[in-house]
Amino acid sequence: MSWSYSYNTDIWPAIITLAVVIYFGSYSWQRRNVAASRPFMAACCLTGFWTLGVILELMAVDFSTKVFWVKYQGFWPLPTVATVACFILHYAGLGKWLTRRTYALLFLFPLLSVLMVVTNNFHHLIWAGFQMNGSVVASPGKLFWVFNSYIYLLGLFNFTILVRLAIHSPGHRLPVAIILSGQVFGRIGYTLGELGMIGPAETMLLSVGTVSVAYGLVLLRFHAIDPIAAARRAV
């Protein structure tokens, strides 16, 4: 690998996404005393590292360097969705469900996926190979979609929790609708990217950017992790 990089105009959707993620990560850090803000901040950090990998992939000159950054991106999707699920539970007032056992169940599959990504050169179960077609296109291995199904499984979990919240708390119905819309568009964007139908930067803008904007509306307009709002809910 040469590790040489050059400017590429295709990086701008990913840069915009990274800027949005950094902003909301900083916003949640300032409110870290609220329980829901901590998993949200962690999710922003994870998506930030993920988006940075996309930027470096697009700027890399050498094919092997691009492949390295594609593999690097494979670390982040599952831990990110597991962390978002923790935020959803806190937002729905179900933080008490997050016991050690629940954390172990939520993050077991993501941690296993990271291990499989690191060892892919030995078994090729995540990616069977890579080729260049404008951008790097990965050929999925036998277990690629098995692990990625976890993203959609947690999407159903989030849907169930949020619908439950909307039924029992009418005041949450609009923010719940916004969050669910973001999650649907985000998963559609991620799927299109993994199928090679859109480029990596556009994938990040759709899969991470739209979700970030949805959560941003909920944070800024409905004060989801505002300390005062959290105190009122507690009362």
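## Cysteines C44 and C45

C44 counts as buried because its relative accessibility is 10%; buried means under 20% relative accessible area, exposed over 50%, and partly exposed in between (1.4 Å probe, protein chains only). C44 is in no disulfide, and the nearest cysteine sulfur, that of C45, is 7.1 Å away. A disulfide here is a pair of cysteine sulfur atoms within 2.5 Å.

C45 is in no disulfide either. With a relative accessible area of 44%, C45 is partly exposed. A search of the whole structure finds 0 disulfides.

## Basis of the values

This is a predicted model, in which local features need pLDDT of at least 70 and side-chain atom pairs count only at pLDDT 80 or more, while totals for chains, interfaces and linings use all residues. Residues are numbered from 1 along each chain as its sequence is written, and side-chain values use heavy atoms, with hydrogens and water left out.

## R187 in helix α8

R187 lies in helix α8, residues 173-194. Helices are DSSP runs of H or I with at least four residues, numbered from the N terminus.

Apart from neighbours within four places in sequence, R187 is in contact (heavy atoms within 4.5 Å) with V81, I151, Y152, L154, G155 and N158.

## L205 in helix α9

L205 is found in helix α9, residues 200-222. L205 counts as partly exposed because its relative accessibility is 35%.

Terms used: Helices (H or I, at least four residues) and strands (E, at least two) are DSSP runs, numbered from the N terminus.
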